Amino acid sequence: MGLGTALSSALSGLRATQVGINVVATNVANAETPGYSRKTLALEAALAGGSGFGVRVSNVNRELDIYVQRQLRTELAGANYIDIIAQVRQQIDRMYGEPGSASALDTILNGFTNSLQALAADPHSASTRQAVLNAAQVMAQKLHSLSNDVTLMRNQAEAGIGDAVARVNGLLKTIENVQTQIIALSAQNVELGALLDQRDLAINELAGLIDIQVTANGVNNVAIFTNSGISLFDMQASQLTFDEKPLSAQSLWNANPSLSGTGTIKLVSPNGFTLDLIADKSIRSGKIAGLIELRDDILVKAQAQLDEIAHALATALSSRTVGSDPAVNGAQTGFEIDLADLQDGNSISLTYTVNSGPTTNRVTIVRVDDPSSLPLSNAFTVDSGDQVIGVSFAGGVAGALAALNAALGPDVQFDNPGAGTILRVLDDGAPNLVNIDALSATVTTSTIQSGDGSLPFFVDGSGNVLYTNAVNGGRQQKIGFATRIAVNSALLADSSGLINIDANTLAGDSTRPDYLWQRLTLANQLFSPNTGIGGTAQPFSGSIVSFARQIITYQSTATENALRLKEGQDVVLNSLQDRMAESTGVNIDSEMARLLQLQNAYAANARVMTAVKELFEMLIRV
Amino acid sequence: MTSVTGSSLTTLTAARTISQMRDQLSVLQRQLGTGKKSDTYGGLGLGSGLVLNLRAQLSGISVFQSNAVNVETRVKLMNTALQRIGDLRNETRSDLSAPFDFVLVQGGQSAAQRSASGRLGELLSLLNLDAGGRYLFSGRATDRPATDTMSRIMNGEGAQAGLKQIISERLQADQGADLRGRIVVNPAAGSVVSIEEDGAHPFGFKITGATTSFGATITPPGAPPAALSIDLGATNPPAEGTVRITLDLPDGTSTAIELSATTAALPGAREFTIGATPADTAANLTAAIDTELQRLAQVDLVAASAMQAGNDFFATDAGNPPQRVDGPPFDTATAMIDGTAANTVSWYLGDNNTDNARDTSVARVDDSITVSYGARANEDGIRWIVQNTAVFAAMTFSTSDPNARDRYYALAGRIGSAMDEPAGMQKVEAIQTELAGANVSAQAAKKRLTERAPVLQDMISNVEDISDEEISVKLLALNTRMQASLQVTAMLSQLSLVKYI
């Protein structure tokens, strides 16, 4: 051991402190850099032949709590998911207007019903009549603007999915590139901290978009799967595709690409395997899952609610019930009904008892003239206990008999006595296996002077198309009706239709306005469970006004819940981020303390060198 | 969501807490400005359903209240009109309390008739009362006045007959061509005196019976056309013996031919001379009956015919058009026919249906309460007053006519007693009572709703509003926290080792 050794040890000490200062400098410089993890210097004694030979920088460590990192990634997915949902839920809530304001949906609907009541009190006043028409138009416009808002939000969600998918692809490519470099460099034993930071930052962002699992795949290598087990990255990155489409109120997602009105997300793996991630329900959390849920469920329900209001408004004011008369044919008894006014989409209700049970069967026969929409499922009607039969009446009653008899015969028999518009339903006669209990039809009034209170007040679109909820191409007229509902232009042109049920109605007759008012406020009807309100087995039953209130309450409660979930999620995420910051973040104070240490160490090493130098000088002078 | 991994802890927490507090501050600021807890239903939390329900009720209340106010205004106006109609009836009645004063002042009419004419004008204008363009006595036909003009009602126009023409035609039919009230006086056959109606029809006198003070044999009238015979028998009636033949008049009243026997060769009015034989007496009696019949046909029959003509013209509704004498010729007519819009003025122009007049205006004053407050001018209680006032105003008299005074008395007596509605007929006061009842229930409902409105408003406020005190306290607390937080953050940022080395 000589002075030379001491000198070189001091030199190694100087070198090590320089590296140390460099690490501190990098830490301080990156104190606020996202994704940067604090680096620490690992020193070890340099040994030469079993004896100390100064100091050596063994490694620059990356301070990382793997456990917190994994938890953080899981929570990032959840937080992004609830964040986007809460954001749009708030928009929907806001859409329904400030409580009590003139533009709130309930205020407008109340205004419409009140205007009818005012008209009932003052039927011949032209200004009161005009007020009803104005209120109805405001109502229709409100439904238009609400469903336009919903469609806009759905389009934003669709575009959001497109952006997110593009971002996912970008991130996967980044991860692939960085990982390739990491693998290449790790063989050369180069400092990898910065690259790992970069890779983990990309993975964290990806975790916010899709719920992923990251598994270690050897040293410094990872593989990324979705939580559902689909591989996104394993040495090579898979890519996602998304066929973004412009959406209207009628555009709905369908697993069959030719029927789907919306885009779908497909995964293309490096070996060419493709998978529809939406059909496979592979994306369960993260921003993309939130956007899909908004596009395909939350906003679809919001649209369905508006359509249901529009549907209920139109049908409540325009439909009337046609009764039947008892009919006998030999030993067979039953009923006959005049179907002259049965429109496409209208329905006939038939109740019969099978005596062996006895069981009572309810059958709803729906007129569906478009053959491609047949057969109808039993879920077509809101009533869950009925059998639904879709039948074309394009060939009149006579043309529908074959299909009806095929569906319910032979114990229940349909015929067309007199070849007119009369449909006769008879039981089996002498064997007495079946009794027909009741028969009626609900039809849409097509003329304003209909002879009773009902009238086609609201129609489908500006072309005055009668709204009957007809089914065409498998799609009910109801879908997207809120975007098209309009006040009958014949009423707008001549407001006397609000009063005149026939040509002889007197100007002060309040029959019709009071009927319309009662239909809106007092008459109960069933509402489709597609709206998210009420269940299939027990649909929501109430007046239109109460259903509209229910919608607002539903949306406001959902918003409130989403916000509360978000708050909870934020607390979890924040605490994880705090812990992450604590374990991996840069603390300036400790960096400064380290800097002091390093300065001292540097000074001490330098002092050693000075001492060695003096010793050498003394030696030379000797 | 930006990834914050790796950022330093102090900056992170400080930024987060301060921005959260800023958000809270802006929420409190909005609440302070608007006084409302939230600007969306979502912000009301569980209260939103309640508020929606309460608001719907509250907005319903306002329309029900305005309905009740409408009912009140309209019923008040109607009541004023009906009150005046009742007063006009009472004035006519007091004008016509006997003794009557037969002095013609103008156009062949007495002062009482001139007043009646004026009252008719007032009645019609009361019935055409409108409240903001809504005619109150037209039933459901609120867009048109209830009655036609007085001139058209009285005089008709063009091909359409008015009351005066109806009266004149009816009078011809009632009096008959020979002015004997459609009665044929047969020549005496021996001791038998007989008269008979000239056919089965609703016109003229209807023979209902006869009595004598001396026991003559009377064959009472049978099925229409009725005939009556009085057989004096084998002995002459005694002096002062009386014969009384009762006749029904078209308006349902009755009169009688009352004759007494006299021995004077020249009988006075309503007397017949006892002849040498019962056959002679029978001839005298027949002549006396004929004379008296012609006099009654100029007096009671004219008044009764006019009263009935008034009924034919005024008592109309959807099922009962005005009735006209089937003619010409009218003096031999045997039936009434329905008048048409083309040939007869319809005095009432409103809603002609026959359902309850009250139900022609129905106002909903609460979810489940409706009040009926309509009225029609052709309701009996109103129509009766108009009809009789009009008939009185339509008739004219001439001083040169010897029967004019008696005829006037017959008419005035009938009109006067008609002003007390016959038993069982609706009175105008009954309409007033019914309307008042409707108004009372409307006002009761309104009062209930008026009391309810502030309660609802209060409940809405409880959910929606936030008190200034509460916000002030919150603001104060937040302010303190923010100041402290900012100060600590500032202090912490100063407390860096960087400053000290």
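What you're looking at is a predicted model, where local features need pLDDT of at least 70, side-chain atom pairs count only at pLDDT 80 or more, and totals for chains, interfaces and linings use all residues. Residues are numbered from 1 along each chain as its sequence is written, while chains are lettered from A and ligands numbered from 1 in the order in which they are written.

**Chain A as a whole**

Chain A has 11 helices and 24 strands; helices here are DSSP runs of H or I with at least four residues, strands are runs of E with at least two, and both are numbered from the N terminus. Its radius of gyration is 38 Å, well over the 25 Å that the globule rule gives for 622 residues, so chain A is more spread out than a compact globule. (That radius is taken over C-alpha atoms, and the rule is 2.2 Å times the number of residues to the power 0.38.) Along the principal axes, the C-alpha atoms of chain A fill a box of roughly 145 × 60 × 40 Å.

**A four-stranded sheet**

Now find the open sheet in chain A, with its strands in the order β11-β12-β17-β16 and antiparallel pairing. Two strands pair if DSSP finds at least two bridges between them. On the edges sit β11 and β16 of chain A, each pairing on one side only. β11(A) and β12(A) share six bridges, and A:D325 stands opposite A:E336 in β12(A).

| Strand of chain A | Residues |
|---|---|
| β11(A) | 324–329 |
| β12(A) | 332–338 |
| β17(A) | 422–426 |
| β16(A) | 413–415 |

Helix α3 of chain A, residues 105–121, reaches 25 Å from its first C-alpha to its last, close to the 24 Å expected; the expected span is 1.5 Å times one less than the number of residues. α3(A) is mostly covered, with 15 of its 17 residues buried. Buried means 20 or more other C-beta atoms, placed from the backbone, within 10 Å of a residue's own; 12 or fewer makes it exposed, and in between is partly exposed.

**Meeting chain B**

The contact takes 61 residues from chain A and 50 from chain B; two residues touch if their C-beta atoms, placed from the backbone, lie within 7 Å. On chain B's side, α2(B) gives the largest share, 13 residues.

Technical notes: Axes fitted to C-alpha atoms, helices over the stretch in contact; angles between N-to-C directions.
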